[in-house]
Amino acid sequence: MKISLNWVKDFIDLSGISTEEIVSKLTFSGLEIEELVDQKKIYENFVVGYVKEKKKHPNADKLSLCVVSDGTTDYPVVCGAPNVESRQKIVFAKIGAVIPESRTELKKVKIRGEISEGMICSGKELGISDDHTGIMVLDNDVNVGMVFSDLFEMNDIILEVNITPNRADAFSHFGIARELGAIFNRKVELPNVRLKESKETSTQFAKIKIQNTVDCPRYVGKVVKNITVSESPEWMKKRLRNVGLRPINNIVDVTNYVLFELGQPLHAFDLDKLSGSEIIVRSAGSEQKFTTLDSKERLLQNTDLLICDADKPIAIAGVMGGENSEVTTNTNSVLIESAYFRPSAIRKTSKKLGLSTDSSMRFERGCNVEITNYAARRAAQMMAEISGGSPAQGEIDIYPEVIPQKKVSVRFSRITKILGYKIPDENIESILLNLGFEIDFKSDEEISVIVPLFRHDIQREVDLIEEIARIYGYENIPDIKNIKITLDEKIDQSDFVNNTRNILTGLGLNEIITNSLLSDEAVNGFGNAIKILNPQSFEMSNARTSLIPGTLITISNNLNIREKNLGFYEIGHVFEKLTDGEIINFEDFKETKHLLISLTGSNREDEWYGKSRKYDIFDLKGLADAYLNEISLDSELTDSYYKTPNSLFDYYYEFKHKDNAVGVGGRVKKAILSKYGIDQDVFIFDFNLSLIENILPGAVGFKELLKYPKIIRDCSFVVDNEVEAAAVIKVISNSGSKLLKKVKLFDIFESESLGQNKKSLAFQLEFYDFNKTLTEEEVEKDFWNAIELVKKNFNSQLRGQ
């Protein structure tokens, strides 16, 4: 936001404080100054000149040769303006001047064979008007040689201030003045409003109704009659131009002036154009389209807030007015709107329409509900002064439910603990008062304040501590000669993820990072998605419920550029809504960390020493096993294979820890791939890293080597197709044998010779004892006991019997 330092001085005395100190203090307090423009330096080498002579250029029909005096020296100047004449007083740019419009530095040049040592300027070239039809001709009573910046009072300092989203209170000249008042402990005052009102009241000319009091808690209207719409006075136009605004007319300019002065957006409606002389604030409902002041038709949603008269919408609340009620040269009476709208409602409408204005920027950050009445009166006073209007008596102030002010306490000891140094109690009180807080009570231990309604960012004790610290000055933090640190072991929460990255990169995979926000279509079929309340676009309207859609989009993009052999991994968070209603608290959704491995195409390109091979499910399984082995989790999990499809895979397998699935992967269905334009097989494995982190074994230690030999037994069972290998392994493992240490599936065989809907599962059983050599009799007993349990539980047959 551009700030005029001369304008700020209307509210605070800054005498004795240099511009450099103001810039430094504001930046240190959190309001960064991105640019400083000194108008005097802009207009260096611009003076009032006198055209002593004008004659036709000998080599160009449209150019003139002029002799221009600056009061001491005469300069030859080639000029192309049609209105230049001798004995005119003009704005003369000498050699070395930089033209504001083009940013070019003037030098001594030859133009069509004639020397030119300067330039006679137009208003557009000077950056003070849009007129470029000819040069700017000055009044005859100005002194030749006078510095241009002094003549036109172009002696302001313009600051470009970076206002962070939480500091809506600083979005005005008065807000910056209040900040400087706190920093330099100087008094800040609003201008006095003295209105000469007519005997007729505003309520006689207009009425206001608020139907949506949630999105519009307060609406103030004030009527000004008998105005004359014309150009604004030069001082006002100059101030508006200095902060980057284009003057329009005296009525509209007043609303913009008050906006930049107080931070309160205003709008002036032509009162005679309001049907029924009525204002109704309501949601759009069935209204679908509305034409704004920029002559563009806007498509509305039923939740958008509208300002309407008795028959039609006349403005999109907080964003922009409509063509059907704008002020024109024929306007005789206006209704000044000064309202407070719910920030999130305006933000949603502005983003959805792609329409950001000076008003919407302030409303969506949060304005000051308490200043609405004052702002309306201030605007009425200025309209009366510069348009000859007559303000009606009083205002129409609809404020059905007063917004309460918060109270926040801060402990002096807590300030010292957080900051690491002590600030005197009297300084703390002074800072808070200068920032607009009211003291609720004060004791030796703490101070409680009433938070002004323009400070939406102050919620907690620590917020007050931040305010105190930044105004007291971060540069006042004392130097510390000795710093003590503990040598305790630190836990790095990112170690596990970083280790996972190193493992997968070492396995030859490339990491990808995809968008965590997805469209409705992308999240469909991947769980209950959380809707974004204010999405930037429909493509980012949901928090992702899975890493799979983003990975498939990435694979599709690579295939489009003929990169067909791909191996990716991604680590990211996914979000799932746990309720069908609105999210009320953290129990209504869950956030988990996932790892996704994906393969497609071939494992390598064709080479002279070998041919390529298409990736298959076993490549994916190998990568998953390798990862689990690296994090020492392979012995903690069981795996199951499924040849029947589910909603995502044609066939798949999963890893389980006890009864919890920690990962699942397989070949993605072609119907899903076709949605992304993928025409080759894709294999994906999805690990739940949040679960894996919780079951990781402790520190790896030495395990004594086995001293006694193992005894291995194999067995194969004919079971029904729907029987899972994991279920059989669980029965064998729980058979009661203390000697059985490991059960492994090593073969699956399917054939019609086994019978209809039958398959064969072959297992290897490993027996040993840490303290002795086992006998055949000991093993045989446990081995056959396990076999009988499997036969009983699954109605199976032992092959070979």
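Author: Start with burial. Buried means under 20% relative accessible area, exposed means over 50%, and partly exposed lies in between (1.4 Å probe, protein chains only). Arginine 470 is a case: its relative accessibility is 5%, so it counts as buried. Before going on, note that this is a predicted model: local features need pLDDT of at least 70, side-chain atom pairs count only at pLDDT 80 or more, and totals for chains, interfaces and linings use all residues. Residues are numbered from 1 along each chain as its sequence is written, and side-chain values use heavy atoms, with hydrogens and water left out.

Reader: With which residue does arginine 470 form a salt bridge?

Author: First the rule. A salt bridge is a side-chain nitrogen of Lys or Arg within 4 Å of a carboxyl oxygen of Asp or Glu. Arginine 470 forms one with glutamate 467, and the closest N and O atoms are 2.8 Å apart. Glutamate 467 is buried, at a relative accessible area of 2%. Helices (H or I, at least four residues) and strands (E, at least two) are DSSP runs, numbered from the N terminus. Both residues also belong to a network of salt bridges that links Arg167, Asp169, Glu179, Arg455, Asp457, Glu467 and Arg470.

Reader: How many salt bridges does the rule count?

Author: The count comes to 57. Take glutamate 261 and arginine 378, whose closest N and O atoms are 2.9 Å apart. Glutamate 261 lies in helix H9 and arginine 378 in helix H12, so this pair ties together parts that are 117 residues apart in sequence. Glutamate 261 has 0% relative accessibility and counts as buried. Arginine 378 has 11% and counts as buried.

Reader: Are glutamate 788 and lysine 791 buried or partly exposed?

Author: Glutamate 788 is partly exposed, at 41%. Lysine 791 is partly exposed, at 23%. Their side chains meet in a salt bridge (3.6 Å, N to O). Both lie in helix H23 (residues 776–794), three residues apart, about one turn of the helix.

Reader: Now sheets. How do strands pair?

Author: Strands of a sheet pair through backbone hydrogen bonds, either parallel or antiparallel. Here, two strands pair if DSSP finds at least two bridges between them.

Reader: How many bridges join S2 and S11?

Author: Six, in the antiparallel sense; S11 covers residues 157–162. Aspartate 38 stands opposite isoleucine 157 in S11. Contact means heavy atoms within 4.5 Å.

Reader: What do S33 and S34 form?

Author: A hairpin, with six residues between the strands. S33 and S34 (residues 649–657) run antiparallel and are joined by five bridges. Aspartate 639 stands opposite phenylalanine 655 in S34.

Reader: Where is leucine 637?

Author: Leucine 637 sits in the loop between helix H19 (617–630) and strand S33 (638–642). Leucine 637 is buried, at 11%. Leaving aside neighbours within four places in sequence, leucine 637 is in contact with Leu628, Phe655, Lys656, His657, Val662 and Ile695. Histidine 657 is 20 residues away in sequence, yet 5.0 Å away in space, C-alpha to C-alpha.

Reader: Which residues of helix H8 are buried?

Author: In H8 (residues 234–242), they are Met236, Lys237, Lys238, Arg239, Leu240 and Asn242. They pack against several elements, including S1, S11 and helix H12 (372–387). Just after H8, glycine 244 takes a positive phi of about 90°.

Reader: Last one. Is isoleucine 483 buried or exposed?

Author: Isoleucine 483 is exposed, at 69%. Isoleucine 483 lies in the loop between helix H15 (461–472) and helix H16 (495–506).
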